[in-house]
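User: I'd like to learn how to read a protein structure. Could you walk me through it, one kind of feature at a time?

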Amino acid sequence: MRHMQLKAWHFVVAIVLFSGLTCWLGNRDLKRRSPDQTPGYLTELDGTSVVDSLSFRLCFVLFYQENSELCDKMEDNLNLLAKNNRHRTGFFKLNPYSYPEYGQKYMISGVPTILILHDGMEIDRIMGVVPERNLEIIYARATR
């Protein structure tokens, strides 16, 4: 009986195929989803409104980049959460590329990123795209 020996190149080929397939499937899924038609419930922050808006209640702040499919998807998911909870919680968005001082202040290393603040202090951070259902769980945990 002859045993097959795995060589290093077998692993390289497997990793390349797996990475390519994952990337292709992820992009296909993003393109297939149409943006939600939910009205925007996130208030756009500018340099003068940040401190006042974020200092006295529970706030979800989406740091985003314009023309990014991932940021658009995360904004859609956050809008769905904000739709039913906007009267008890502040929902905002801020472009850290337009206001780099806030990107530095809150240590934003990539977008989309959501900061959850209570009385101006960070209590949680979400990086990347998170499904709406997971956002609901995070919201329930933050409002306890």
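This is a predicted model: local features need pLDDT of at least 70, side-chain atom pairs count only at pLDDT 80 or more; totals for chains, interfaces and linings use all residues.

User: Let's start with the strands. How many bridges join strand 2 to strand 4, and which way do the two run?

Analyst: When you read a sheet, look at which strands sit side by side and how they are oriented. Here, strand 2 (residues 58-63) and strand 4 run antiparallel and are joined by six bridges. To see one place where they face each other, find Phe 60, which stands opposite Ile 116 in strand 4.

User: And what about strand 4 and strand 5: how many bridges are there?

Analyst: Six bridges join that pair, which also runs antiparallel. A spot to look at is Thr 113, whose bridge partner in strand 5 is Met 127.

User: Is strand 4 largely enclosed or open, and why?

Analyst: For that, you count buried residues. Strand 4 (residues 113-118) has five of its six residues buried, so the rest of the structure largely encloses it. As background, side chains in a regular strand alternate between the two faces of the sheet.

User: On to the backbone. Which residues other than glycine have a positive phi?

Analyst: Asn 67 is one example, with phi near 60 degrees. You'll find Asn 67 in the loop between strand 2 and helix 3 (69-85), and its relative accessibility of 80% makes it exposed. Asp 119 is another, with a positive phi of about 55 degrees.

User: Where is the cis peptide bond?

Analyst: For a cis bond, the angle to read is omega. The bond between Val 111 and Pro 112 is cis, with omega about 0 degrees. Pro 112 is in the loop between helix 4 (100-105) and strand 4.

User: Now the charges. How many salt bridges are there?

Analyst: The count is five. For each one, ask how far apart the charged atoms are and where the two residues lie. Take Arg 141 and Asp 124, whose closest N and O atoms are 3.0 Å apart. Arg 141 is in helix 5 (residues 132-142) and Asp 124 in strand 5 (residues 121-127), so this pair ties together parts 17 residues apart in sequence. Both are partly exposed, Arg 141 at 45% relative accessibility and Asp 124 at 25%.

User: Which residues are linked in a network of salt bridges?

Analyst: Glu 44, Glu 75 and Lys 93 are. Lys 93 has a ring contact as well: its charged end sits over the ring of Tyr 64, 5.3 Å from the ring centre.

User: That brings us to rings. How many aromatic pairs does the structure hold?

Analyst: It holds four. For a ring pair, read the distance between centres and the angle between planes. Phe 63 and Tyr 106 form a tilted pair, 6.0 Å centre to centre with 50 degrees between the planes. Phe 63 is in strand 2 and Tyr 106 in the loop between helix 4 and strand 4, so the pair ties together parts 43 residues apart in sequence. Both Phe 63 and Tyr 106 are buried.

User: Why does the pair of Phe 91 and Tyr 139 count as stacked?

Analyst: The ring centres of Phe 91 and Tyr 139 are 6.4 Å apart and the planes are at 25 degrees, so the pair is stacked. It links distant parts of the chain, with Phe 91 in strand 3 (residues 90-94) and Tyr 139 in helix 5, 48 residues apart. Phe 91 is buried at 3% relative accessible area, and Tyr 139 is buried at 6%. Together with Phe 60, Phe 91 and Tyr 139 form one aromatic cluster.

Terms used
Residues are numbered from 1 along each chain as its sequence is written. Side-chain values use heavy atoms; hydrogens and water are left out. A salt bridge is a side-chain nitrogen of Lys or Arg within 4 Å of a carboxyl oxygen of Asp or Glu. Helices (H or I, at least four residues) and strands (E, at least two) are DSSP runs, numbered from the N terminus. Buried means under 20% relative accessible area, exposed over 50%, partly exposed in between (1.4 Å probe, protein chains only). Two strands pair if DSSP finds at least two bridges between them. Rings of Phe, Tyr and Trp (its six-membered ring) pair if their centres lie within 6.5 Å; planes under 30 degrees apart count as stacked, over 60 as edge-to-face and the rest as tilted. A charge sits over a ring if NZ of Lys or CZ of Arg is within 6 Å of the ring centre and within 35 degrees of the ring normal.
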